[in-house]
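Take a moment to look over the sequence and the structure shown here. Then read on for a guided walk through the fold.

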Amino acid sequence: MGAMTEAQPTTQDQTDQQLIQAVIAGDAEMYGLLMARYEPRFLRYAETIVHDEDDAADVVQESFIKIYRHLRTYDP
């Protein structure tokens, strides 16, 4: 029998904090995973405020850009 190895956590298993630390360390691809986790929820919320799907998408996109730019100041 082969030696058992400990399963490596997948990116989906990583916490938001772990993904944020990876982004801060230079792995911008991990930011896409954070966006994928929260974009649908943010879009639904934005649509309840602006009552327009396209405007909500713009608001969410601008929000994600601002979050990315200020991610280094994130304090859990």
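Residues are numbered from 1 along each chain as its sequence is written, and side-chain values use heavy atoms, with hydrogens and water left out.

How confident is the predictor? The score called pLDDT is its confidence in each residue, from 0 to 100. The mean pLDDT of the protein is 88, and 86% of its residues reach 70 or more. Where pLDDT is low, the predicted coordinates should not be read in detail.

Now for the overall layout. The protein has 3 helices and 0 strands, in the pattern α-α-α along the sequence. Helices (H or I, at least four residues) and strands (E, at least two) are DSSP runs, numbered from the N terminus. Confidence is lowest in helix H1 (residues 16-24), at a mean of 94, and highest in helix H3 (residues 53-69), at 97.

Two packed helices are described by the angle between their axes and the distance between the axes. The axes of H1 and helix H2 (residues 29-50) come within 8 Å and cross at roughly 145 degrees. Here, axes are lines fitted to C-alpha atoms, for helices over the stretch in contact, and angles run from 0 to 180 degrees between N-to-C directions. On the H1 side, the contact (heavy atoms within 4.5 Å) is made by Asp 16, Leu 19, Ile 20, Ala 22 and Val 23. H2 contributes Met 30, Tyr 31, Leu 33, Leu 34, Arg 37 and Tyr 38. By class, this contact has 9 nonpolar, no polar and 2 charged residues. Ala, Val, Leu, Ile, Met, Phe, Trp, Tyr, Cys and Pro count as nonpolar, Asp, Glu, Lys and Arg as charged, and the others, Gly among them, as polar.

Which residues are hidden from the surface? Buried residues make up 14% of the 76 residues in the protein. Buried means under 20% relative accessible area, exposed over 50%, and partly exposed in between (1.4 Å probe, protein chains only).

| Residue | Relative accessible area |
|---|---|
| Ala 46 | 7% |
| Ile 20 | 7% |
| Val 23 | 8% |

Ile 20, in helix H1, touches Leu 34, Leu 71 and Tyr 74, not counting residues up to four places away in sequence. Ile 20 and Leu 71 are 51 residues apart in sequence, yet 7.5 Å apart in space, C-alpha to C-alpha.

Ala 46 lies in helix H2. Leaving aside neighbours within four places in sequence, Ala 46 is in contact with His 51, Ala 56 and Val 60.

Is His 51 buried or exposed? His 51 is exposed, with a relative accessible area of 67%, and is found in the loop between H2 and H3. Phi of His 51 is near 60 degrees, a positive value in a residue other than glycine. Most residues other than glycine have a negative phi.

Technical notes
Predicted model: local features only at pLDDT ≥ 70, side-chain atom pairs only at ≥ 80, totals over all residues. pLDDT = per-residue confidence, 0-100.
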